[in-house]
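The report below goes through the strands, the helices and the nonpolar cores of the chain shown here.

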Amino acid sequence: MTHPIAHAQIYAERRARLAAQLGDGGVAIIPTAPEHARNRDSDFPYRHDSYFYYLTGFTEPNAWLVLDATGRSTLFCQPKDLEREIWDGYRLGPDAAVAGLGVSAAVSVAELDKQLPKLLENQHTVWYPFATHKGLETRVDGWLNAVRARVRFGAQCPAEQRDACGPLDEMRLIKDAHEQDVMRRASTISAHAHIRAMQTSARMLRARQDVREYHLDAELLHEFRMHGSQFPAYTSIVAAGANACVLHYRADAAPVRNGELVLIDAGCELDGYASDITRTFPANGKFTGPQRDLYNLVLASQDAAVVATKAGARFVDPHEATVKVLAQGLLDLGLLNKVKHGNAQDVIEKRAYFPFYMHRTSHWLGMDVHDCGSYVEPSELGQTSERKDPLSGETIVNRPSRILREGMVLTIEPGLYVRPGPDVPEVFWNIGIRIEDDAIVTAGGCELISRGVPVIASEIEAFMRG
């Protein structure tokens with residue numbers, strides 16, 4: 001990962017923006033993620049907390065940031081320890097952290113419980129991320145109790161506790177130029193990984209080799225690491241045949257067979273930022289007629305969603321554009337009976353498409369693959385309407401969907417999942433298709449940063465012949 005000193009000014013500016021929102025007497029406490037044991041003395045690979053990294057660029061464990069409304073920042077981090085560094089690796093240490101990270105002060109994390117009450121004393125509000133770190137509330141209570149123990153000496157204890165996720169989520173929702181650049185590079189790596197998996201599938205089948213889902217998963221991981229990605233952004237989905245109808249299927253040992261489709265939903269994480277790409281392709285490199293028909297329908301629905309993704313539109317607009325195309329296509333292909341279900345508008349109003357398309361079309365993307373940020377428009381929070389869900393009968397409270405703005409990043413991922421059923425044409429049974437790209441919202445539309453891997457059926461076939 002790039003050493004944080006290379007972008008120290010970016011993190012300093014973010015801390016200043018957060019400090020300006022804390023209010024007089026506000027203090028924010030932001031911990032990084034803990035290390036987690038995998039089994040016995042083996043840990044899971046360490047991954048920092050996204051909020052903490054967003055404000056510091058620091059990737060070491062066992063660290064805390066304390067920021068007050070004046071902009072003063074104090075980093076608590078692991079002290080230098082040459083013996084432990086022999087075993088666990090290099091530590092920046094407090095002495096180097098001030099210059100390296102641009103914080104106001106740095107202290108050994110061993111001093112945390114002693115120093116926090118002093119930093120909270122005579123302040124008005126303590127901010128920290130709610131419900132994200134187990135036991136954090138209890139630690140804050142302990143520090144506040146230490147302040148209260150000094151009230152007879154004139155100390156003032158913070159009277160309010162507020163959720164730091166609120167202002168940080170809004171900040172993280174708009175990606176700056178540096179973030180967008182990292183996400184473009186992450187998407188490029190992931191696109192190459194998808195192409196590698198596609199070509200491997202066809203090549204192994206042509207050679208009459210036994211192909212398993214884990215073979216294609218291995219190709220993804222190889223490409224991620226070969227190009228500098230630190231981790232997969234999430235556990236890769238490599239689903240062959242009917243497994244593609246399981247939305248969160250995980251790559252396993254199922255065979256990849258001639259004549260079937262493979263759905264791969266995979267993306268790397270690069271320097272703290274996720275990519276998220278899904279492609280569905282014929283295992284042997286050639287779509288059958290029914291596969292192509294269903295694939296082209298999903299692609300047409302994605303095209304409509306892409307057109308609907310632009311600054312000034314609503315977050316829900318790409319989904320509604322997708323559903324409109326899918327509803328008509330399901331009727332045209334005979335997956336929904338026109339006599340029973342009526343026209344496309346009837347299908348939408350009754351949600352008759354739901355057995356084939358049961359998820360939303362988009363989510364925010366950033367440091368987390370399902371990134372933070374409200375999906376409700378903040379300027380219209382008081383506005384609500386109600387509707388009755390035609391499938392569950394529940395009353396749903398609608399709030400105005402988020403207005404898209406330049407720099408927001410979201411996925412566009414329509415799909416269709418066809419399980420066997422009495423009213424479903426057998427030629428479509430067990431076909432699962434999803435096409436997912438990553439989009440940066442721009443003034444006039446959106447920039448698809450993941451199209452380094454093709455989506456048009458004929459182009460996929462051409463790549464797989466290579």
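## The mixed sheet

An open sheet with mixed pairing is formed by 6 strands in the order β6-β5-β4-β1-β7-β8, where strands are DSSP runs (E, at least two residues) and helices are DSSP runs (H or I, at least four residues), both numbered from the N terminus, and two strands pair if DSSP finds at least two bridges between them. Because β6 (105–108) and β8 (160–163) stand at the edges with a single partner strand each, one side of each is left without a neighbour in the sheet. From one strand to the next the twist averages 20°.

This is a predicted model, in which local features need pLDDT of at least 70 and side-chain atom pairs count only at pLDDT 80 or more, while totals for chains, interfaces and linings use all residues. Residues are numbered from 1 along each chain as its sequence is written, and side-chain values use heavy atoms, with hydrogens and water left out.

## Pairing and helices on the sheet

Strands β4 (residues 64–68) and β5 (residues 73–77) run antiparallel and are joined by 4 bridges; the bridge partner of L67 in β5 is S73. Helix α1 (residues 8–19) lies across β4 and β5 at about 50° to β4, whereas helix α4 (residues 94–101) lies across β5 and β6 at about 150° to β6; axes are lines fitted to C-alpha atoms, for helices over the stretch in contact, with angles running from 0 to 180 degrees between N-to-C directions.

## Packing of α5 and α6

Helix α5 (residues 112–120) packs against helix α6 (residues 136–148) at an angle of about 65°, with the axes 9 Å apart. The contact (heavy atoms within 4.5 Å) is made by L112, D113, L116, P117 and L120 of α5 together with R139, W143, L144, A146 and V147 of α6.

## Nonpolar cores

A nonpolar core is a set of buried Ala, Val, Leu, Ile, Met, Phe, Trp, Tyr and Cys residues joined through side-chain atoms within 4.5 Å, where buried means under 20% relative accessible area (1.4 Å probe, protein chains only). The largest such core has 97 residues, of which L75, L168, L216, V262, I264, Y295 and L416 touch the most other members, and its largest share, 12 residues, comes from helix α8 (residues 177–206). Apart from this core lies another, of 17 residues, including F76, V109, V140 and V147.

Leaving aside neighbours within four places in sequence, L416 is in contact with residues including L294, L326, F356, Y357 and I431.

Conventions. Buried means under 20% relative accessible area, exposed over 50%, partly exposed in between (1.4 Å probe, protein chains only).
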